[in-house]
Amino acid sequence: STASNCCCSSCQQFDAVLAHDRALADPSKARESFLGHFGESEIVQVPQGAVELEPQSARAVRCLKLTAGTPTLRWYCGECRTPLWNAMRGLDFAGILVRPGIVECNTEASWEEAVGPVEETIFWEEAKGPERLPGGR
């Protein structure tokens, strides 16, 4: 697996759509975001076949395509509006959206030991704030 930070405006838009829906369902969650300080998503790439859901959980999964003409499909929980993963038609990997401390790692290892360090930051030019994230070029 490969861990990356993605600062693209599409990930930021996805978070905003889900945050809006969460706020409508529960106003106390109006400011909840799964993005980091710079508007980044932490993504761990895994083979698409590695994504498995329990049958009762699978019924709640929804898909959203934000931008026409792009192959990116964004999957989330329809009940709590938590982002789950991204996938692109034609590529055999899924980008699991994670935030250490929010998504639990099902191992005895630490988060970094389980998924590895963030290897790259992509779309850093779309990051929020004046500073650049580590790994941005």
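Helices (H or I, at least four residues) and strands (E, at least two) are DSSP runs, numbered from the N terminus. The views below show a predicted model, in which local features need pLDDT of at least 70 and side-chain atom pairs count only at pLDDT 80 or more, while totals for chains, interfaces and linings use all residues. Residues are numbered from 1 along each chain as its sequence is written, and side-chain values use heavy atoms, with hydrogens and water left out.

**View 1. The protein chain has 3 helices and 7 strands.** Along the sequence they follow the pattern β-α-β-α-β-β-β-β-α-β. The chain holds 137 residues, and 34% of them count as buried. Buried means under 20% relative accessible area, exposed means over 50%, and partly exposed lies in between (1.4 Å probe, protein chains only). The chain exposes about 8,500 Å², with carbon and sulfur atoms supplying 52% of it. Accessible areas come from the Shrake-Rupley method with a 1.4 Å probe; for residues, only the protein chains shown count as cover. Contact means heavy atoms within 4.5 Å. Of the contacts with a separation of 6 or more, 61% join residues 24 or more positions apart.

**View 2. Confidence is highest in strand β3 and lowest in helix α3.** pLDDT is the predictor's confidence in each residue, from 0 to 100. The chain mean is 79, and 81% of the residues reach 70 or more. Strand β3 (residues 61-64) has a mean of 91. Helix α3 (residues 111-115) has a mean of 67. Where pLDDT is low, the predicted coordinates should not be read in detail.

**View 3. The largest nonpolar core has 9 residues.** A nonpolar core is a set of buried Ala, Val, Leu, Ile, Met, Phe, Trp, Tyr and Cys residues joined through side-chain atoms within 4.5 Å. Here the members are A3, V44, V46, V61, W85, A87, A94, V98 and V115. Strands β2 (41-47), β5 (83-88) and β6 (93-98) each supply at least two residues of this core. A second, separate core has 8 residues, including F14, L18, I43 and Y76. Leaving out residues up to four places away in sequence, V61 touches L53, W75, Y76, L84 and W85.

**View 4. An edge-to-face pair links F14 and Y76.** Rings of Phe, Tyr and Trp (its six-membered ring) pair if their centres lie within 6.5 Å; planes under 30 degrees apart count as stacked, over 60 as edge-to-face and the rest as tilted. By this rule there are 2 aromatic pairs. The ring centres of F14 and Y76 are 6.3 Å apart and the planes stand at 70 degrees, so this pair is edge-to-face. F14 lies in helix α1 (residues 9-25) and Y76 in strand β4 (residues 72-77), so the pair ties together parts 62 residues apart in sequence. F14 is buried, at 2% relative accessibility. Y76 is buried too, with a relative accessible area of 13%.

**View 5. The rings of W75 and W85 are stacked.** Their centres lie 5.7 Å apart, with the planes at 20 degrees. W75 belongs to strand β4 and W85 to strand β5, so the pair ties together parts 10 residues apart in sequence. W75 is partly exposed, with a relative accessible area of 25%. W85 counts as buried, at 13% relative accessibility.

**View 6. Strand β4 pairs with β3 and with β5.** Two strands pair if DSSP finds at least two bridges between them. β3 and β4 are antiparallel, over 4 bridges. C63 stands opposite W75 in β4. β4 and β5 are also antiparallel, over 5 bridges. There, Y76 has P83 in β5 as its bridge partner. In β4, 5 of the 6 residues are buried. T72 lies in this strand. It is buried, with a relative accessible area of 15%. Neighbours within four places in sequence aside, T72 contacts K65, N86, A87 and M88.

**View 7. β4 and β5 form a hairpin with 5 residues between them.** R81, in the turn, has a positive phi of about 65 degrees. The C-alpha atoms of A60 and R81 are 9.7 Å apart in space, and these residues are 21 apart in sequence. A60 sits in the loop between α2 (55-58) and β3. This residue is buried, with a relative accessible area of 8%. Residues up to four places away in sequence aside, A60 touches Y76, C77, G78 and E79.
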